[in-house]
Amino acid sequence: MSNLFLFTFIMLIITFFIGFFVALIIKIIASWADLLDFCQLHREELAEIKRIKKLQRQTVAVTVRSGRENLVAEKNQHTAHRLQETVHGVKSDKRAAV
């Protein structure tokens with residue numbers, strides 16, 4: 001009688017662990033399916049995020065300038081400022097004459 005009880009108890013424990021193992025496999029498959037479903041539904045948004053990150057990396061690379069490029073940029077800004085002052089001066093002189 002106790003021998004039958006021992007075998008029954010061992011079968012119960014084995015069944016218990018097999019159940020947890022199967023549940024783990026089902027959980028992994030369900031998580032994987034949810035991830036694929038999420039990626040399918042939000043494919044356009046994920047592509048947009050990747051594109052934005054790519055543009056940010058390119059922007060950072062473009063904003064770093066060498067010393068010579070800084071001098072050229074400063075000269076261009078100075079020339080643009082002087083041109084702006086000249087244009088505003090000409091406009092104000094015309095207004096005064098009218």
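**View 1. F16 and F20 in helix α1 of the predicted model.** Within helix α1, F16 and F20 are separated by four residues, about one turn of the helix. The centres of their rings lie 4.8 Å apart and the ring planes meet at 75°; because planes over 60 degrees apart count as edge-to-face, the pair formed by F16 and F20 is placed in that class.

**View 2. The aromatic cluster of F16, F17 and F20.** Ring pairs join F16, F17 and F20 into a cluster. The count of aromatic pairs comes to three. One of them is formed by F16 and F17, whose ring centres are 5.9 Å apart and whose planes stand at 75°, so this pair is edge-to-face. F17 has a relative accessible area of 53% and is therefore exposed, the cut-off for that class being over 50%.

**View 3. A nonpolar surface patch that includes I26.** The patch covers about 1,100 Å² and is made by L6, F7, I10, M11, I14, I18, F21, V22, I25, I26 and I29. Among these residues, I26 is located in helix α1, which spans residues 2–41. The relative accessibility of I26 is 54%, so this residue counts as exposed.

**View 4. Confidence of the prediction in helices α1 and α3.** Mean pLDDT for the chain is 79, with 77% of its residues at 70 or more. Confidence is highest in helix α1, where the mean is 92. Helix α3, comprising residues 67–97, has the lowest confidence in the chain, at a mean of 67.

Methods. Residues are numbered from 1 along each chain as its sequence is written. This is a predicted model: local features need pLDDT of at least 70, side-chain atom pairs count only at pLDDT 80 or more; totals for chains, interfaces and linings use all residues. Side-chain values use heavy atoms; hydrogens and water are left out. Patches are made of residues with over 30% relative accessible area and no salt bridge: like charges are joined within 9 Å, nonpolar side chains (Val, Leu, Ile, Met, Phe, Trp, Tyr) within 5 Å. Accessible areas come from the Shrake-Rupley method with a 1.4 Å probe; for residues, only the protein chains shown count as cover. A salt bridge is a side-chain nitrogen of Lys or Arg within 4 Å of a carboxyl oxygen of Asp or Glu. Helices (H or I, at least four residues) and strands (E, at least two) are DSSP runs, numbered from the N terminus. Buried means under 20% relative accessible area, exposed over 50%, partly exposed in between (1.4 Å probe, protein chains only). Rings of Phe, Tyr and Trp (its six-membered ring) pair if their centres lie within 6.5 Å; planes under 30 degrees apart count as stacked, over 60 as edge-to-face and the rest as tilted. pLDDT is the predictor's confidence in each residue, from 0 to 100.
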